[in-house]
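Dear colleague,

Please find below the structure that I am handing over to you, with its sequence. My notes on what was found in it follow directly after.

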Amino acid sequence: MRRTVTLRLLAGMAATATTAALCVTLTTMPQASAAVGSATGFASSNGGTTGGSGGQTVRATTGTQIHAALCNRASSSTPIIIQVEGTINHGNTSKVSGSSCNTAADVIELKQISNVTILGVGNGALFDQIGIHIREARNIIIQNVTVRNVKKSGSPTSNGGDAIGMEANVRNVWVDHVTLEASGGESEGYDGLFDMKNNTQYVTLSYSILRNSGRGGLIGSSESDLSNGYVTFHHNRYENIDSRTPLLRGGIAHIFNNHYVRLNESGINSRAGARAKVDNNYFQDAKNVLGTFYTSAAGYWQVSGNIFDNVTWSSRSGDTNPAGPNPTSNTSVSVPYSYHLDSASCVPSIVSQTAGANKGIRTSNGNCTPQSPTAGPTSPTPGPTNTAPPPSSSPTPSQPSGPNLSIGAGSDGSSKASGTSYGDVRDGNMNTAWSPNGTTGQISIKWGSATTVSRINIREASGSDGTIRNWRVLNHDTGAVLASGTGAGVISFAPTSMRKVTFDITSSTGTPRVAEFETYAN
């Protein structure tokens with residue numbers, strides 16, 4: 001890619017770097033045992049992103065301790081929440097070996113593992129010149145941390161120069177309220193702040209700051225790497241970036257309510273057949289904020305509600321194809337999840353109050369107002385939606401009517417404990433039950449053709465009442481969240497036609513025992 005990072009990247013860096021350092025050392029953060037809030041976007045699809053919810057909580061103040069926490073688990077998929085405080089650097093990050101991990105020195109390595117949350121707590125977590133590498137992994141949450149000055153050349157180097165990098169069959173990652181920053185571009189030794197490659201899917205980046213870098217991030221390492229996608233970017237601030245906010249090669253991205261300030265060469269670069277849904281963003285003091293750049297392989301976009309404030313556009317020629325000066329849609333993109341959409345006019349204000357590490361993990365309520373954090377296991381937040389009815393927040397006490405559609409249907413799930421069966425939840429017998437292997441898991445009812453369901457009844461086996469805590473109900477066909485809440489019982493949602501409905505248990509006080517998973521049209 002043709003790119004020379006200019007001295008514009010250095011403008012304002014001293015002030016922002018100093019501010020970031022002070023935040024890490026001076027700001028007192030609220031304590032939390034698990035990730036705070038809920039993933040919105042594609043990270044809520046494909047079964048959702050819960051990280052280490054329900055697992056052991058471990059405190060780490062060095063990179064070696066982070067690796068040791070991963071390696072001390074019973075297995076590579078045992079849920080774990082790693083609370084991080086202090087500065088993680090090359091001097092305190094060593095390789096640790098074990099059957100449940102695959103780590104390396106000089107990088108935080110989340111490789112060939114699943115069900116992990118890394119959460120900055122206390123006075124803050126700073127990954128200084130150390131990148132976070134996610135490889136062949138799934139169900140990962142990274143929240144409330146700062147990663148800065150990760151280099152691919154010069155000294156010291158880490159993670160190929162990416163602040164956070166994902167590659168090789170990665171699924172379901174939620175990165176939230178982080179600050180990612182560099183001190184220049186490729187000529188100064190830096191690469192991307194947030195990169196996804198080689199079959200990485202179902203990712204959300206939310207309420208984060210990306211600044212002072214030549215490259216914001218990419219989806220796809222080349223125009224032959226088209227297996228990535230389903231990525232949501234919302235309520236982020238991109239500041240003093242040359243390009244790639246993001247660069248999208250193939251796949252689908254949903255980009256909404258972000259504040260872009262000083263994009264020096266280009267911004268959202270959709271190419272090689274990619275499709276981007278670009279809603280209610282605020283672009284300010286920037287150049288070529290949307291289009292297909294540096295290639296003749298066109299990409300596409302659907303635009304609505306964006307504000308362009310002092311944005312300049314190049315003329316179309318050769319491999320420079322900006323969407324402006326009056327961007328219009330050239331495709332349509334639908335998304336399978338609910339989301340709050342703030343007005344673009346308030347995006348600079350709401351993002352400045354909520355985005356980045358050490359800001360209190362506040363979010364927007366969709367009305368341009370910051371909301372206090374809610375601690376607990378992550379599941380998609382109920383709320384207004386542009387694509388589907390809002391999910392129910394809790395079970396309703398009244399009993400459903402009509403026939404139980406589960407009788408005669410099929411069933412499957414994510415796992416089953418010894419002596420239990422998926423079929424036990426649809427046999428009408430309260431003396432048989434299904435249990436997952438552990439405290440979390442999924443159980444599904446399925447039909448040979450689309451069936452309309454609006455209520456389910458989760459009946460726990462005798463002696464297990466109250467074991468199930470947090471859950472989600474999923475339209476397994478699309479990944480959409482139909483409802484989420486706490487405690488088993490009757491759950492209502494908008495009538496939905498589907499071939500398979502999934503009850504996803506995200507936390508429990510012990511091993512759940514579901515005697516009956518009843519489904520009803522009414």
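**Disulfides and their surroundings**

C346 is buried, as its relative accessible area is 13%, under the 20% limit for that class. Please bear in mind that this is a predicted model.

C346 forms a disulfide with C368, and the two sulfur atoms lie 1.9 Å apart. The torsion about this S-S bond is about -75°, so the disulfide is left-handed. The pair links distant parts of the chain, 22 residues apart: C346 sits in the loop between β26 (320-322) and α3 (347-354), and C368 in the loop between β27 (363-364) and β28 (370-371). C368 has a relative accessibility of 28% and therefore counts as partly exposed, whereas C346 is buried.

The structure holds two disulfides. The other pair is C71 and C101, whose sulfur atoms are 1.9 Å apart. Here the S-S torsion is about 100°, which means that the disulfide is right-handed. Because C71 belongs to helix α2 (residues 63-71) and C101 to the loop between β2 (80-88) and β3 (108-111), this bond ties together parts that are 30 residues apart in sequence. C71 is buried at a relative accessible area of 8%, and C101 is likewise classed as buried, at 14%. When the bonded cysteines of the protein chain are numbered in sequence order, the pairing reads 1-2, 3-4.

**A buried asparagine**

I would also draw your attention to N280, in the loop between β21 (275-279) and β22 (282-287). N280 has a relative accessibility of 12% and so counts as buried. Leaving aside residues up to four places away in sequence, N280 touches N257, N258, S304, G305, N306, L341, D342, S343, A344 and V347.

**The chain as a whole**

The protein chain has three helices and 34 strands. It comprises 522 residues, of which 60% count as buried. Among contacts in the chain with a separation of 6 or more, 74% are between residues 24 or more positions apart. The chain exposes about 17,800 Å², and carbon and sulfur atoms supply 46% of that area.

With kind regards

Terms used
Residues are numbered from 1 along each chain as its sequence is written. This is a predicted model: local features need pLDDT of at least 70, side-chain atom pairs count only at pLDDT 80 or more; totals for chains, interfaces and linings use all residues. Side-chain values use heavy atoms; hydrogens and water are left out. Helices (H or I, at least four residues) and strands (E, at least two) are DSSP runs, numbered from the N terminus. Buried means under 20% relative accessible area, exposed over 50%, partly exposed in between (1.4 Å probe, protein chains only). Contact means heavy atoms within 4.5 Å. A disulfide is a pair of cysteine sulfur atoms within 2.5 Å. Accessible areas come from the Shrake-Rupley method with a 1.4 Å probe; for residues, only the protein chains shown count as cover.
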